Amino acid sequence: MRHVRSIWNGAISFGLVSIPIKLVNATESHSVSFRQIHTEDGGRIRYRKVCELEDREVSGAEIGKGYEDADGTIIPITDDDLSHLPIPTARTIEIVAFVPADRIDPLQMDAAYYLAASGAPAAKPYVLLREALKRSNKVAIAKYALRGRERLGMLRVVGDAIAMHGLLWPDEVRAPEGVAPDLDVTVRDKELDLADALMDTLGEVDLADLHDEYQEALEEVIAAKASGEAPPETPAPAAGGKVLDLMAALESSVRAARASRGEPPSDAEAEVRPLPRKTPAAQKKTPAAKKTATAKKPAAKSAAKKTAKPTPKKTASRKRSA
């Protein structure tokens with residue numbers, strides 16, 4: 001981290017202990033940035049800062065700060081006005097409390113920084129704070145001022161260093177009202193069992209093995225166009241099957257995940273698999289069979305009538321009656 005330029009110099013206030021530190025960015029962006037150009041001739045499109053009253057371009061030395069009131073009035077605010085604000089954290093990261101890490105809502109986390117000890121005298125108190133955080137299994141909550149405003153931060157140990165996460169103030173986090181479905185949904189135990197099986201099959205992953213595939217493809221396109229070649233074609237997406245219900249989707253997902261890992265299907269899948277539905281062809285066979293059976297019954301009766309001949313006694317009695 002020695003080659004990284006510090007963005008803020010100050011001290012950590014730990015009770016009566018002061019630890020000189022330098023604030024450096026803990027993250028960096030690898031995304032590809034684009035410039036706006038004129039599509040007809042490829043010329044760069046630039047934005048110029050123009051004064052609305054004089055209708056002319058102004059330099060950075062002529063630009064200051066101003067607050068726009070509700071009626072549109074601009075109230076000028078100078079750097080001298082801001083320097084007189086009663087903020088004790090102007091050059092100090094003031095630790096105000098120590099809390100368990102699970103007390104911090106991840107929604108509050110913002111930018112991340114490393115706190116580097118500034119000079120040899122800062123080494124001993126720096127290591128003291130680091131080891132105290134390790135042994136307590138807690139994080140430090142602090143206030144600090146950066147870029148013209150007071151902020152909230154969380155100090156924690158990362159390796160042998162102390163890192164600070166900028167935190168949003170609690171009133172800056174929106175409540176999740178109206179986000180969850182308002183319908184009455186019932187989840188069956190079998191569906192939960194399949195969801196658990198899918199989670200177990202997917203397992204864990206080392207985050208170091210994940211990479212930005214979109215950026216890699218974008219760099220290939222840029223390299224191809226720079227060398228005058230045709231950009232690579234996008235592979236056609238796999239055709240997805242029609243999902244009949246949630247159970248079928250979960251079962252298919254579990255089977256696909258196990259197949260990708262070379263695992264055979266387990267017996268648990270057969271226990272929760274729904275019974276196969278009758279096909280339309282099978283449903284048509286049943287009425288046809290009934291018709292055939294009913295058609296055969298009258299034929300059998302007529303054949304029996306033809307075969308059975310009246311005995312001579314019955315014929316004689318019928319003649320007498322006549």
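Leu-198 has a relative accessibility of 18%, and because the limit for a buried residue is under 20%, Leu-198 counts as buried. This residue belongs to a predicted model of a protein with eight helices and 11 strands. Of the 322 residues in the protein, 18% are buried. Among contacts between residues at least 6 apart in sequence, 59% join residues at least 24 apart.

**Surroundings of Leu-198**

- Leu-198 is part of helix H3, which covers residues 189-202.
- Leaving aside residues up to four places away in sequence, Leu-198 touches Leu-250, Ser-253, Val-254 and Ala-257.
- Leu-198 and Ala-256 are separated by 58 residues in sequence, while their C-alpha atoms are 9.6 Å apart in space.

**Nonpolar core**

- The largest nonpolar core comprises 20 residues, and those with the most contacts inside it are Ile-12, Ile-21, Ile-93, Leu-115, Leu-129, Leu-155 and Met-164.
- At least two residues of this core come from each of strands E1 (8-14), E2 (17-25), E7 (92-100), E8 (109-117), E9 (138-146) and E11 (161-167), and likewise from helix H2 (123-136).
- Strand E9 gives the most to this core, contributing four residues.
- In soluble globular proteins, nonpolar side chains tend to be buried together.
- Ile-21 is in contact with Trp-8, Asn-9, Gly-10, Ala-11, Ile-12, Ile-93, Leu-115, Ala-116, Ser-118 and Tyr-126, when residues up to four places away in sequence are not counted.

**His-165 in strand E11**

- His-165 is located in strand E11.
- The relative accessible area of His-165 is 11%, and this residue is therefore classed as buried, the limit being under 20%.
- A polar contact of 2.8 Å joins the side chain of His-165 to the side chain of Arg-156.
- Beyond residues up to four places away in sequence, His-165 touches Ala-111, Ala-112, Leu-152, Gly-153, Met-154 and Arg-156.

**Aromatic pair**

- One aromatic pair is found in a search of the whole structure.
- The pair is edge-to-face, because the planes of the Phe-14 and Phe-98 rings lie at 70° with the ring centres 5.9 Å apart, and planes over 60 degrees apart count as edge-to-face.
- Distant parts of the chain are linked by this pair, with Phe-14 in strand E1 and Phe-98 in strand E7, 84 residues apart.
- Phe-14 is partly exposed at 23% relative accessibility.
- Phe-98 is also partly exposed, at a relative accessible area of 35%.

**Salt bridges**

- Nine salt bridges are found in a search of the whole structure.
- One of them joins the side chains of Lys-134 and Glu-131, with an N to O distance of 3.8 Å.
- Both Lys-134 and Glu-131 belong to helix H2, three residues apart, which is about one turn of the helix.
- An α-helix has 3.6 residues a turn, so residues three or four places apart point the same way.
- Lys-134 is partly exposed, at a relative accessible area of 35%, and Glu-131 is partly exposed, at 36%.
- Arg-56 has a relative accessible area of 35% and is partly exposed.
- A further salt bridge connects the side chains of Glu-57 and Arg-48, at 3.6 Å from N to O.
- Glu-57 is partly exposed, with a relative accessible area of 47%, whereas Arg-48 is exposed at 57% relative accessibility, because exposed means over 50%.

**Helix H4**

- Helix H4 consists of 14 residues, 213-226, and extends 20 Å from its first C-alpha to its last, close to the 20 Å expected at 1.5 Å a residue.
- Gln-215, Leu-218 and Ala-224 are buried in H4.
- At the start of H4, a side-chain oxygen of Asp-212 comes to within 3.1 Å of the backbone nitrogen of Tyr-214.

Note on methods:
Residues numbered from 1 in each chain as written. Predicted model: local features only at pLDDT ≥ 70, side-chain atom pairs only at ≥ 80, totals over all residues. Heavy atoms only, no water. Core = buried A, V, L, I, M, F, W, Y, C linked by side-chain atoms within 4.5 Å. Buried < 20%, exposed > 50% of the residue type's maximum accessible area, 1.4 Å probe, protein only. Contact = heavy atoms within 4.5 Å. Expected span 1.5 Å × (residues − 1). Polar contact = N/O pair within 3.5 Å; in protein donor to acceptor, adjacent residues only side chain to side chain. Phe/Tyr/Trp six-rings, centres within 6.5 Å; stacked < 30°, edge-to-face > 60°. Salt bridge = Lys/Arg side-chain N within 4 Å of Asp/Glu carboxyl O.
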